[in-house]
Amino acid sequence: MSGTHDGGTTDRDGPDDGFDDSLLEEELRQAAGILDPVPAELARLAVEAFALRDLDAGLAELTFDSLVDALPIRGETDPPRMLTFRAGEVSLDVEVSAEGLFGQVMPPQPARIEVLSGLRTARSLTADDMGRFTGETPPSGPFALRLRAGGEAVVTEWLRA
């Protein structure tokens with residue numbers, strides 16, 4: 001049922017009043033820029049996060065986070081955070097604690113893991129033949145992991161340490 005209604009509109013086109021939506025959008029964009037500008041620090045962080053992207057990398061899905069998925073352990077005051085990421089057949093199990101970052105790539109294989117964290121240069125960790133890796137310094141602030149193994153790269157989502 002297509003056609004013209006009594007009000008001079010068509011089902012597909014909407015009102016035919018000559019109003020330019022793109023002009024309204026531009027005026028709203030300018031008003032927001034003046035009345036509620038993006039903080040400089042946030043804009044800088046957004047640009048830096050975009051620069052760290054890897055277009056060829058797949059996204060590793062967070063499938064387990066002990067902050068959300070685990071039951072609290074009685075008497076434990078500062079338990080390590082356990083994370084599991086999955087991308088296809090590869091999974092990455094990670095423990096983040098005050099002592100550092102520990103993990104394993106499954107199935108076990110040599111790999112390079114980069115710890116991405118904002119402005120800082122990515123720290124590179126090496127997984128042994130069993131897929132195990134250790135970082136002596138825990139990530140601080142937002143971080144992501146980039147795994148390179150077997151000619152493929154996957155990147156985790158950004159998390160807060």
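Strand β8 (residues 142-149) and strand β9 pair in the antiparallel sense over four bridges. Strands here are DSSP runs of E with at least two residues, numbered from the N terminus, and two of them pair if DSSP finds at least two bridges between them. The model is predicted, so local features need pLDDT of at least 70 and side-chain atom pairs pLDDT 80 or more, while totals for chains, interfaces and linings use all residues. Residues are numbered from 1 along each chain as its sequence is written, and side-chain values use heavy atoms, leaving out hydrogens and water.

Let's stay with β9 for a moment. Together, β8 and β9 form a hairpin with two residues between them, and glycine 150 in that turn has a positive phi of about 55°. Strand β1 (residues 58-65) runs parallel to β9, joined by three bridges. The table shows two residues and their bridge partner in β9.

| Residue | Bridge partner in β9 |
|---|---|
| Glycine 58 | Valine 154 |
| Leucine 147 | Valine 154 |

Strand β9 (residues 152-156) is mostly covered, with four of its five residues buried. Buried means under 20% relative accessible area, exposed over 50%, and partly exposed in between (1.4 Å probe, protein chains only).

Now for arginine 81, in strand β2 (residues 81-87). Is this residue buried or exposed? Arginine 81 is buried, because its relative accessible area is 13%. Its neighbours in contact (heavy atoms within 4.5 Å) include Asp65, Val94 and Leu159, leaving aside residues up to four places away in sequence.

Leucine 116, in strand β5 (residues 111-117), also counts as buried, at 4% relative accessibility.
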